[in-house]
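Hi everyone, thanks for making time this morning. Let me put today's model up on the screen, and then we can walk through it together.

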Amino acid sequence: SMMEAATGVGMRPVINSTTKTNSTKEQLNMKIIDRDLILLSPEIEIQSKPLVLMYSWLTAKHFHVRKYAKVYLDRGCDVLTVKLRAKHILTNKDSFRHLSRKAVDLLEDADDNRPLISHSFSAGILTQAYVLHLLNTQNPTVIQRIQGEIH
């Protein structure tokens, strides 16, 4: 599964914790892979459940992005949020590339064929474009799993 792949060989998460949120309306697993990469997963077992790659806007807070992720979570999808920060594009282009490579590594390490949906907000399209570029050059089979893109 994607959650197992996130902690697999070759991945060195900065933060490695799984949190369950409990409310009367939702059961949700949250896997913090890195402060800028968070995997949200509903506690619903669905075979071949899609993974949504959600690229946030520059000033997005996690609770803002989670509101949009909930649309997919309510439909049984896993959501990998990729948080773009101003420092990624203004101060150090290597940190932007590093963030994109972490997302690509996570997708490549996942040994599954489930469908992908790519959803970017505003400046998040920069990260999305670089992730697609890396996948196209390193592992085009992952790109073939993309079933839709939302901008």
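The mean pLDDT of the protein chain is 75, with 75% of the residues at 70 or more.

A word on the ground rules. This is a predicted model, so local features need pLDDT of at least 70 and side-chain atom pairs count only at pLDDT 80 or more, while totals for chains, interfaces and linings use all residues. Residues are numbered from 1 along each chain as its sequence is written, and side-chain values use heavy atoms, with hydrogens and water left out.

Now the overall picture. The protein chain has six helices and seven strands; these are DSSP runs numbered from the N terminus, H or I of at least four residues for helices and E of at least two for strands. In sequence order the pattern reads α-β-β-β-β-α-β-α-α-β-α-α-β. Of the 151 residues, 48% count as buried, where buried is under 20% relative accessible area, exposed is over 50%, and partly exposed is in between (1.4 Å probe, protein chains only). Among contacts with a separation of 6 or more, 68% come from residues 24 or more positions apart.

Please look at strand S4, residues 51–55. Five of its five residues are buried. Leu 51, Leu 53 and Tyr 55 point one way from S4, and Val 52 and Met 54 point the other way.

Which strands pair with S4? One is S5, residues 78–82, which runs parallel to S4 and is joined to it by five bridges; pairing here takes at least two DSSP bridges between two strands. Leu 53 has Leu 80 in S5 as its bridge partner. Between S4 and S5 the chain passes through helix H2, residues 62–73, in a right-handed β-α-β crossover. Right-handed means that, with the strands pointing away from the viewer, the path from the first strand over the helix to the second runs clockwise. Strand S6, residues 116–120, also pairs with S4 in the parallel sense, over five bridges, and there Leu 51 stands opposite Leu 116.

On to the charges. Side chains of opposite charge can pair when their charged atoms come close. The structure holds three salt bridges, each a side-chain nitrogen of Lys or Arg within 4 Å of a carboxyl oxygen of Asp or Glu.

Lys 49 and Asp 78 meet at 3.2 Å, N to O. Lys 49 sits in the loop between S3 (37–42) and S4 and Asp 78 in S5, so this pair ties together parts that are 29 residues apart in sequence.

Asp 78 also meets Arg 114, at 2.8 Å, N to O. Arg 114 lies in the loop between helix H4 (93–109) and S6, 36 residues from Asp 78. Are these two buried or exposed? Asp 78 is buried, at 4% relative accessibility, and Arg 114 is buried too, at 8%. Through shared partners, salt bridges join Lys 49, Asp 78 and Arg 114 into one network.

Finally, Lys 70 and Asp 74 form a salt bridge at 3.0 Å, N to O. Lys 70 is partly exposed at 36%, and Asp 74 is partly exposed at 49%.

That's my tour, so over to you!

Terms used: pLDDT = per-residue confidence, 0-100. Contact = heavy atoms within 4.5 Å.
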